[in-house]
Each structure stands twice: as C-alpha cells, then as structure tokens.
Amino acid sequence: MKFVARVFGVGVLVGAALTFSVAGTPAFAADGKDAIEKRITLMKNGVLKNYLYAKKFAKEGEGTAEGVVKHAKLLSEASAQVVALFPKGTGRGDYDEKMTRALPKIWEDWAGFKTAANVLTQESAKLAEVAAGGDKDAIAAQFGKTAKLGCGGCHKPFRGAKVK
Ligand code: HEC
C-alpha cells in the first residue's frame with residue numbers, strides 16, 4: 001500500500017512537470033509565430049498595397065492625386081503598427097529562415113529600428129500632404145523619398161535575403 005502510494009506520488013509529480021512543459025512551450029511558440037504572420041500580413045496589405053497605388057500614380061500616371069492622399073494616409077497609419085509586431089525572440093535565429101526575414105539586428109539596434117519605422121510614418125504623411133496639392137511632379141518626387149528612405153531605410157539594414 002505504501003509502495004503504491006509512493007509510485008502514484010511520483011507519477012503525479014512527473015505528470016505535473018510534463019503538463020507544465022507541454023503547456024508552456026507551444027504557447028510561447030504560437031505567440032511568436034502569430035506576430036510573424038501578423039506583421040507579414042500588415043506589410044502586404046497595409047503597407048505594400050497602399051504603396052503600390054502611389055507608385056502607379058507616380059510612375060505610370062494611373063489613378064488620381066486624391067487616391068494618393070487616401071492611400072498615403074493608410075500607409076502612414078499601417079507603418080505606425082509595425083514596431084509592435086516585432087516582439088523580441090521572433091527573428092532569424094529564433095525561427096526558421098523560411099518563416100521570417102527579420103534580422104537579429106532589429107533587437108540589437110532597437111532604437112534604429114524604431115527610427116526607421118518612424119521615417120516611413122513621416123514620409124508617407126508628407127506624401128499625403130503633397131498629394132493634396134495635386135502637383136504630379138512633386139508627388140512623384142515625394143513618392144521616391146518614401147520608397148527610398150521609408151522602405152529601403154529599413155529593409156536594407158533590418159531585412160535579410162529571401163530563402164526559398
Ligand atoms: C521599420 C522597418 C520596415 C519598414 C519601414 C518597411 N518594412 Fe517591409 N519589412 C520589414 C521586415 C523586417 C520584414 C520581414 C518580416 C518578416 O519576415 O518577419 C518586412 C517585410 C515586408 C514584406 C513581406 C514580404 C517580404 O519580402 O518579406 C513586404 C511586401 C514589405 N515588407 C514591403 C514594404 C514596403 C513597400 C515598405 C515601404 C512602403 C516597407 N516594407 C517598409 C521591415 C520594414
């Protein structure tokens with residue numbers, strides 16, 4: 001009887017330890033995976049789509065200046081959500097290179113990363129202002145700055161090469 005109780009006791013302890021590790025690990029991994037998926041969706045839908053509207057207007061004369069105002073504002077709003085979707089421990093090194101292009105440098109230079117996001121917020125807000133003026137050349141020039149300083153200013157230092 002004593003023996004059975006002891007075995008049972010050990011079983012409970014081992015069981016508890018297993019439950020703890022099983023419950024703990026995937027919950028953490030799912031949070032990181034969730035952030036990675038959310039930020040890639042934000043980049044594609046909130047950032048890229050609105051950026052492309054302005055690009056088509058600037059390069060091909062498609063769309064309207066009022067359309068650029070609207071999409072540049074949406075782009076600026078989306079850019080303000082970027083930083084929150086990069087919690088520590090969700091870059092390359094923590095996750096498979098196929099899953100994320102976020103370089104560890106993001107967290108090594110967190111201030112620089114936040115500044116890069118802010119540059120896009122500012123340049124795209126400026127694009128909306130310039131577009132409201134309706135001057136096509138001025139819009140194209142400000143689009144160029146938004147692309148180079150806004151997207152390029154962050155992708156160059158902080159995004160790694162695509163891995164297939
Ligand atoms: C503050 C930094 C930052 C800014 C600003 C930024 N990006 Fe990104 N972007 C990233 C990072 C980092 C990734 C990789 C995310 C991942 O894979 O987890 C990414 C991913 C993307 C993706 C998803 C597909 C891919 O190639 O990884 C697209 C599309 C994209 N960015 C477009 C843009 C465009 C267009 C702009 C400018 C209008 C822009 N980004 C501005 C950091 C930024």
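**Exercise 1. Burial and surface**

Determine what percentage of the 164 residues in the protein is buried.

*Solution.* Step 1: apply the cut-offs, by which a residue is buried under 20% relative accessible area, exposed over 50%, and partly exposed in between, with a 1.4 Å probe and protein chains only. Step 2: by this criterion, 33% of the 164 residues are buried. Step 3: the accessible surface of the protein, from the Shrake-Rupley method with a 1.4 Å probe, comes to about 10300 Å², and carbon and sulfur atoms hold 64% of that area.

The model is predicted: local features need pLDDT of at least 70, side-chain atom pairs count only at pLDDT 80 or more, and totals for chains, interfaces and linings use all residues. Residues are numbered from 1 along each chain as its sequence is written, and side-chain values use heavy atoms, with hydrogens and water left out.

**Exercise 2. Secondary structure and the nonpolar core**

*Solution.* Step 1: helices (DSSP runs of H or I, at least four residues) and strands (E, at least two) are numbered from the N terminus. Step 2: a nonpolar core is a set of buried Ala, Val, Leu, Ile, Met, Phe, Trp, Tyr and Cys residues joined through side-chain atoms within 4.5 Å. The largest such core has 32 residues, among which Val68, Phe86, Ile106, Phe113, Leu127, Ile139 and Phe143 touch the most other members. Step 3: at least two core residues come from each of H1 (2–60), H2 (65–79), H3 (105–108), H4 (110–133) and H5 (136–158). Step 4: in soluble globular proteins, nonpolar side chains tend to be buried together.

**Exercise 3. Salt bridges**

Find how many salt bridges there are.

*Solution.* Step 1: a salt bridge needs a side-chain nitrogen of Lys or Arg within 4 Å of a carboxyl oxygen of Asp or Glu. The count is two. Step 2: Lys33 pairs with Glu37 at 3.3 Å, N to O; these residues are four apart in helix H1, so about one helical turn separates them. Step 3: Asp34 pairs with Lys38, with the closest N and O atoms 3.1 Å apart; here too the residues are four apart in H1, about one helical turn. Step 4: Lys33 is partly exposed at 36% relative accessibility, as is Glu37 at 42%. Asp34, at 36%, is partly exposed, and Lys38, at 47%, is partly exposed.

**Exercise 4. The ligand**

Name the residues that come nearest to the ligand.

*Solution.* Step 1: a residue is near a molecule if one of its heavy atoms lies within 4 Å of it. Of the 22 residues around the ligand, Met43, Arg101, Cys151, Cys154 and His155 come nearest. Step 2: a polar side-chain atom of Arg101 lies 2.4 Å from a ligand oxygen atom. Step 3: an N or O atom in the side chain of His155 is 2.8 Å from a ligand nitrogen atom.

Note on methods: A polar contact is a pair of N or O atoms within 3.5 Å; within protein, one must be able to donate a hydrogen and the other to accept it, and residues adjacent in sequence count only if both atoms are side-chain atoms.
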